[in-house]
Amino acid sequence: MVTKQSDFRSGRKARRSLNGRILRNTTLNILILVAVCCAIMVLSMQSLTNSILLDSLQPMARQSAKTVEANIHMLADRMMMIAGDSRMSIVEIGDGVADHTSDGETAEDNWTVVLTEADEIYEFHTIALYDLNGKLVQGIDDPPESLEDAFLKLLQETDNLTTYTSTIFQDKLGITMGAPVKENGETAYYVVGVYKYDVLNDVLSSINLGKNGMAYMVNREGIVTGHPEQAIVTAKSTLLELSGGNEDAIKSVTTGETGSTEFVIEGQQMLVAFSPIRGTQWALVIQVPKSDYNNLINRAMMVAGICTLVVLVISILVILRMASSISKPVKNVTNRMVSLSDGDLHTEVKSIRSGDELEIMTRTLADTVESVNRYISDIRQVLSGVADGNLQIEPQVEYKGDFTLIRNSLGTILQSMNQTITGFRAAANRLADMAEELSGQSGQLHQASLEQNQATEALVDEVAHVKNQLIGVTKSSDQTHTMTNEITRKVEEANSQMEDLSNAMNDISANAREITSIAKAIDDIAFQTSILALNASVEAAHAGSAGKGFAVVAEEVKELANKSAQAAQSAVEIVTNTRSVIQTGVELNASTAESLRSIYGVSTEISEISDQLVAAVQGQEEALSSMEERIATISAIADRNLQNAGGTSHSSGLLAKEAEELQAQIKKFAVKEGYHK
């Protein structure tokens, strides 16, 4: 930032003078204006020259075409004279022998005389007479045996004097013309002559335009038929080649139009005018290089350049004088503005009495410096009050124009700071209340977590106690199962003895003690089973809903134990009364056997119930093991909650301290209630 400031200050020193800048800019503007004017003048002169040349070339081409046309007509008149010579009148020839005229001469002799005279008088390559089918009848200087089909077709169509489009005859240049020989108003023969090219070449060479201008002829097919350079004609060059491929020019020339255009040939701009030659299928083309007329434009540009330089020198002198009168006061104002940018608000501005914008500028600068001093002083006072914490201060100076935005901005800043500090104060109060509330909630959370942890430990102890009781139940169930098996075995033995009772009635007395002992054992077993069933009911009650099935089993076991006790009591009574009722033993034998069978059935049911009780107890043990694992997980979570509750309580205390410090800082500001800009 310091580097940028220093670069800015160094850049304020004028690297170039205002005089030089005015001179350079004005000179540059004049040069640009002169260049543009010269370019416009050149383009205008070129355009005007083109228009004048094209406009003048067009009638020249038309006039030159008429000149060529006149020469062609002269040649045509000669052909018409030859065709209309009285000696060319036809005398019928029969059987290959010509009839004789009144002078004794044949028609062939007359034809030969006429053709020979024409050949001697006029410049012909050859002249001949052809029949209506184009076959040679009579000729001079080796004429062709037959006419070309295209030329014969033209003769037949026009039935009048016809000029052939091509100017090449037997590898030589010439103008081929033909005329019908009439007999009684009907065409009998065609007289065809080939004029030497020198007649046409003299006309084309006489058309001189500029240093390098030329005139040439082309036919409707665009083939050159006449040119100062005869090699171009013999090579059958086309207008497309001569015009540099300008198809529009070819189309205009070959359609028989009269006009003018320009095109580029081998990089050289050409002005071209063309006009048809009447009575032929040719068109005359006049071609003039544009560079032949550029000398006039160049001389005009040279004169314009010299005048421009003279005017430029005079303008520079005037500009230097005017720039000097402007740059001096501007320099003074610039130096004062540089000092102003450096923070100098006390140096006076030198006034200028020029009566123009410079005087207004210096006075305006002085007023600006004074206004800026006043505004900066007021802004410094406001900012100092804000720095001291006084937000009730207001701007005291009246701001004008766009400077009112500064006053509005100061008011907006003060209002925003008042609102912000007021908001901070309210937020700090709310934060303190929230910190206090959070501290109370953290204490409650810590107490609840502690109680939860204690309850979890008590639950773990209770589950361990229930598990130990289930282990005891399991052992009792095993004993019950063993005793039930013993009862079953003894009942089986009793049944075996009852089978032998009918054969050993005499031994009943001896076996009474054993029966009494067995009955007592049954009574003891029933008593123990009843106690076991009672314990099972108590454990089932402790197990809650999971022990309902186990309680039902215990009730059934208790009922079976009661039945076993009753049966054993009955057996004791029977044994006691055996001696008195030995006589009725036979009758009671059947009843005793039936009772033993009932006891066997009851013992079997007790054995099944014992098995179910063992399975239920094992299921309860598994459920308690799973419950013990989950309770351990809950205990771990409770420990973490307890730790987190302690951390939250500590953080809430720190938050309360921070809220108090924030309130202390905000109280330093004097806030204006209901502040408005």
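Q: What share of the 677 residues of the chain counts as buried?
A: This is a predicted model, in which local features need pLDDT of at least 70, side-chain atom pairs count only at pLDDT 80 or more, and totals for chains, interfaces and linings use all residues. Residues are numbered from 1 along each chain as its sequence is written, and side-chain values use heavy atoms, with hydrogens and water left out. Buried means under 20% relative accessible area, exposed over 50%, and partly exposed in between (1.4 Å probe, protein chains only). Of the 677 residues, the buried share is 34%.

Q: How much of the accessible surface of the chain belongs to carbon and sulfur atoms?
A: Areas come from the Shrake-Rupley method with a 1.4 Å probe; for residues, only the protein chains shown count as cover. The accessible surface totals about 39,900 Å². The part belonging to carbon and sulfur atoms is 54%.

Q: Which residues touch the most other members of the largest nonpolar core?
A: A nonpolar core is a set of buried Ala, Val, Leu, Ile, Met, Phe, Trp, Tyr and Cys residues joined through side-chain atoms within 4.5 Å. The largest one has 60 residues. Its largest share, 10 residues, comes from helix 2 (residues 18–83). The members touching the most others are V68, I82, V191 and L284.

Q: Which residues does V191 contact, leaving aside its neighbours within four places in sequence?
A: Contact means heavy atoms within 4.5 Å. V191 belongs to the largest nonpolar core. Its partners are M79, I82, A83, L115, I127, A128, L129, M177, G178, A179 and V181.

Q: Which residue in strand 10 does V218 stand opposite?
A: Strand 9 (residues 214–219) and strand 10 run antiparallel. They are joined by 2 bridges. Opposite V218 stands V224.

Q: Is I522 buried or exposed?
A: I522 sits in helix 12 (residues 508–543). Its C-alpha atom is separated by 6.8 Å from that of S564, 42 residues apart along the chain. With a relative accessible area of 16%, I522 is buried.

Q: Where is D141 found?
A: Most residues other than glycine have a negative phi. Phi of D141 is near 60°, a positive value. At 42% relative accessibility, D141 counts as partly exposed. D141 is found in the loop between strand 4 (136–140) and helix 4 (149–158).

Q: Does N184 count as buried or exposed?
A: N184 is not a glycine, yet has a positive phi of about 60°. N184 lies in the loop between strand 7 (172–183) and strand 8 (186–196). Because its relative accessibility is 73%, N184 counts as exposed.

Notes: Helix = DSSP H or I, 4+ residues; strand = E, 2+ residues; numbered from the N terminus. Pairing = 2+ DSSP bridges.
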